[in-house]
Amino acid sequence: MSGMKQTGEKQLMFFSGRAYPELAEEVASHLGIDPTPTTLRDFANGEIYARYLESVRGCDAFVIQSHTGPINKWIMEQLIMVDALKRASAKRITVIMPFFGYARQDKKGRGREPITARLMADLFKTAGADRLMSIDLHTSQIQGFFDGPVDHLFAMPVLVHYLKDKLDLESTTVVSPDTGRVRLSERWADTLGTPLAFIHKRRDLDVANQVKVNEVVGKVRGRTCVLIDDMIDTAGTICKAADALYEQGATDVIVAATHAVFSDPAVDRLKNSGISEVIVTNTLPLEEEKRFDKLTVLSIAPLIARAISEVFNDGSVTSLFEGDT
């Protein structure tokens, strides 16, 4: 007999960057483990240093980092953590990015533009990532940018579970704020058993975050409208969409979105809008000054923990969403 065979059990190790340790602690608590102790610090010139305080050799490593502001710093920190794991001989490295930074730059709209979402995938692959896990990617095509498995998780079951108890579905319409969200809106409408509407809009290509709403297509008069989106950045799209729905006779507008980016002046726009409730998940941290009375934050930690368990145990991540469980 040539060679050597050694028996051993797989070891799951969970690592967190500094961007959003509260989410990492919540995920770890659902897994029944503690995040692996890690030294992370900045040099005087802003360079980031990372070192793990326990052996990671042969482990199944899961590295979570929320790409919040300052976004470039936290992306770089996660890349450095992945590189450290690779060089310390981790067996498999899964990068968890609840919010995929630069996901909106997923194609060339005009000449001489980058496809930065593809660059992001290439960077993590080069750093040593074997697998990516993210929630509600801006477009599904981003899965194809990474040369390896991508677990695309959906916040819809979490949001729908909350809304089902609040809505009279007989008088509710699911509304897509633009044509790009129509497929997701169809899933929502099918799950809730409601009609579907969408808003046709034009975006000013020369001015970032500027939207022109054109018309509402679908049945909204006298109905409660649930506006859905993957993220709320400056809230310009959502607030203009809500105004258009009220102009067409909607009696109430509720917003459900996964990622609460909330760049200025999003909070002021949402607080002063006719929207009755804004429902988001905690994929990104929300400081106290970004919270307001109409805001409801739902935890995504149980979903991430279940996905980690399925990956670690070679189970099915898809099964988490079949039947909208």
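**Annotated binding-site residues and the parallel sheet**

His-138 is located in the loop that connects β6 (131-135) with β7 (150-153), strands being DSSP runs of E of at least two residues and helices runs of H or I of at least four, numbered from the N terminus. The structure is a predicted model, in which local features need pLDDT of at least 70 and side-chain atom pairs count only at pLDDT 80 or more, whereas totals for chains, interfaces and linings use all residues. Residues are numbered from 1 along each chain as its sequence is written, and side-chain values use heavy atoms, with hydrogens and water left out.

An unreviewed UniProt entry lists His-138 and Asp-178 under "binding site", an annotation that may be inferred rather than shown by experiment. Although these residues span 41 residues in sequence, no two of their C-alpha atoms are more than 12.7 Å apart, so they gather at one spot. Asp-178 lies in the loop between β8 (172-176) and α5 (182-192). With a relative accessibility of 19%, His-138 counts as buried, as does Asp-178 at 13% (buried, under 20% relative accessible area with a 1.4 Å probe, protein chains only). Neighbours within four places in sequence aside, His-138 is in contact (heavy atoms within 4.5 Å) with Ala-103, Arg-104, Arg-181, Asp-230 and Met-231.

Strand β5 (residues 92-97) is joined to β6 by 4 bridges, and the bridge partner of Ile-96 in β6 is Met-133.

Methods:
Buried < 20%, exposed > 50% of the residue type's maximum accessible area, 1.4 Å probe, protein only. Pairing = 2+ DSSP bridges.
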